[in-house]
Amino acid sequence: MKTPNQILTLLLCFGLLTGCGGSSEDASSQEPAPDNTAEVQAYYAAHPDFFSFKTLADLPTDLVWQDGSELPDIGSPDAKKGGTQYGSLQDFPRTLRTVGPDSNGSFRPMILDYTTLQLAHRHPDDFKFHPGTAKAWAVDEANKTIYVKLNPEARWSDDVPVTTDDFMFMFFFYQSDYIVAPWYNNWYGTQYTNITKFDEHTFSITIPEAKPDMDSRVLGLRGLPQHFFKELGDDYVERYQWRFAPTTGPYVVRDEDIRKGRSIALTRLKDWWARDNKFWRNRYNADRIQMTVIRETPKVFEAFRRGDIDQFGLNLAEYWYEKLPDDDPDVQNGYIHKSVFYNQRPRPTYGLWINTSKPHLDNLDVRVGIHHATNWELVIDRFFRGDFARLQTSSDGYGEFSHPILKARTFDIDEALAAFARAGFQERGPDGILTNDQGQRLSFTLTTGYESLKDVLTILKEEAAKAGLELRLEVLDGTAAWKKVQEKKHDMQFSALSVSLEMYPRFWETYHSDNAYDDAFLDDGSVNPERQVKTQTNNMEMLAIYEMDQMIDAYRASSNKREMIDLAHRMTQLHHDHASWVPGFFQPFYRLGHWRWVRYPEFFNHRHSSSAGQYFVHWIDTDLKQQTRDAMSSDQVFEPQLQVFDQFKSDP
């Protein structure tokens with residue numbers, strides 16, 4: 001398949017793009033905005049097997065169309081529109097792009113994951129789909145094809161209609177080298193085999209294998225506004241750095257609301273096309289979301305206590321039990337509410353990501369020793385007060401796809417010392433840290449972007465020293481830490497990848513050698529001595545195992561659920577044996593403190609919610625805000641609200 005850059009070269013050669021001739025004076029007087037329309041069309045023409053064009057008369061007549069209409073609504077009829085929601089960011093976003101370098105920051109969910117519409121979405125209480133930009137869809141399992149009818153009312157935020165062309169262009173965009181995003185290039189170049197346009201609102205997408213959840217592969221897609229990306233080219237990263245792309249969702253970022261390094265705001269579209277649609281009504285209720293940069297968690301908490309921000313996550317035991325205890329006056333007077341919500345979903349992968357390309361960390365015995373030298377049991381008991389639990393594998397929470405019996409290695413100084421000794425680290429120095437016969441210390445830098453969890457690392461450091469391991473702690477802001485690990489410059493990273501609500505875990509992104517090195521292996525499976533580190537991927541362990549690659553390829557190609565389960569278990573076992581990731585912890589709930597004027601439905605939230613704000617079912621009651629402010633000034637009190645929502649609590 002030719003890349004968009006190669007197509008551009010052909011266009012230039014055949015004179016199909018203007019602007020190549022003329023004098024330099026003309027060109028310098030006023031450069032017209034680039035227009036890639038011809039390049040895009042040439043790309044489609046060069047790949048006729050991938051991009052097809054038919055008519056409605058060609059649609060199969062036996063399709064069974066679905067629209068999720070039987071599912072319950074999501075928002076609360078009690079919700080009110082209006083008000084400003086005040087929140088915080090640990091660091092300012094480095095870009096408004098959602099793809100490419102530095103795009104995967106903490107602000108991205110606010111302009112993509114949580115606020116824009118896919119073709120369809122998993123219902124947050126059910127695994128079935130409800131409409132997004134699609135009006136209906138049909139699954140042709142035999143031909144591995146999903147047919148889609150777009151909602152003709154769907155609009156981009158600049159009022160341009162959403163059409164099939166936006167989904168055709170989506171594949172051009174994600175397959176392009178312009179975006180500097182290898183994962184997207186691979187995924188959209190290998191996990192889809194065709195898109196067929198039937199009319200402006202009807203298309204089909206075909207995938208290589210009839211996966212057990214093949215509908216999700218297509219319904220989870222978001223189109224891209226082709227009209228906005230007409231200028232896509234070699235300068236994409238810079239050209240679109242601070243340009244907010246038109247969205248299908250309810251919020252936009254206006255230029256005047258970007259105060260670099262200080263704050264950023266989202267404004268609700270009063271005429272949002274989906275505002276009255278089932279599943280979307282009574283959600284996204286605040287007129288404005290104001291996010292201010294506050295880098296340190298204690299200062300965020302101080303701002304919350306002053307009422308400068310509306311909500312504060314109380315997941316950390318220190319804040320739940322000590323800094324905002326149940327007998328705090330603001331809690332007892334009913335001004336601040338405390339809520340616990342038990343959810344059910346795959347768990348983020350909190351743990352230590354070991355860079356196996358680094359000296360000594362490429363030694364299996366050193367890595368096994370690190371497992372036994374990290375005392376997660378003490379972290380859970382001391383730091384989390386026993387409220388959290390230990391992760392066993394990197395794919396917990398996927399039901400039968402998760403390994404049924406595999407357990408994480410426990411803290412054991414003797415086991416750690418034995419493993420380190422096998423790696424040649426046998427003598428303790430004056431400070432107790434092990435050295436080898438070359439005088440090299442058993443010492444590594446442990447990096448994190450979680451300032452609020454820095455005390456977790458302190459516990460790990462103190463306990464590891466007992467086993468002769470030195471952990472040099474490095475606490476960066478979230479964006480800087482992520483940049484370091486994406487560039488593969490870390491020794492070990494304490495981090496977590498968020499996981500989607502899916503039937504089965506993914507392995508290619510984090511464990512395939514394609515995401516560790518360029519050409520990791522030779523054709524015979526032996527290590528390529530000239531391989532180069534690949535950056536900007538999520539293989540943070542630099543894991544490159546030929547056997548793992550083969551299993552991942554088989555897993556991705558399989559349409560047999562039992563085979564996929566078996567492969568998932570075998571890959572999880574191999575990952576455990578390789579010891580390049582140390583399982584950390586998970587929380588079976590989330591805890592929240594929120595001022596009285598922030599309202600939630602009676603049921604509080606939905607089964608599969610990962611956080612209180614993910615589905616935007618809350619609202620700001622401006623009348624209650626004024627009432628609460630007045631009450632605090634006059635010593636009026638309300639009934640305290642300490643609520644536990646355990647309707648989805650799993651058995652221990």
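This is a predicted model: local features need pLDDT of at least 70, side-chain atom pairs count only at pLDDT 80 or more; totals for chains, interfaces and linings use all residues.
Accessible areas here come from the Shrake-Rupley method with a 1.4 Å probe, and for residues only the protein chains shown count as cover. On that basis, the protein chain has an accessible surface of about 27800 Å², with 47% of it belonging to carbon and sulfur atoms.

Numbering starts from 1 along each chain as its sequence is written, and side-chain values use heavy atoms, leaving out hydrogens and water.

Here's the overall picture of the protein chain.

| Feature | Value |
|---|---|
| Helices and strands | 20 helices and 30 strands |
| Box filled by C-alpha atoms, along the principal axes | roughly 75 × 75 × 60 Å |
| Buried share of the 652 residues | 55% |

Helices (H or I, at least four residues) and strands (E, at least two) are DSSP runs, numbered from the N terminus. Buried means under 20% relative accessible area, exposed means over 50%, and partly exposed is in between (1.4 Å probe, protein chains only).

Now zoom in on Val40, which sits in helix 3 (residues 37-46). Val40 counts as buried because its relative accessibility is 0%. Who are its partners? Leaving aside residues up to four places away in sequence, Val40 touches Phe169, Phe172 and Gln226, where contact means heavy atoms within 4.5 Å. Phe172 is 132 residues away from Val40 along the chain, yet their C-alpha atoms are separated by 7.0 Å.
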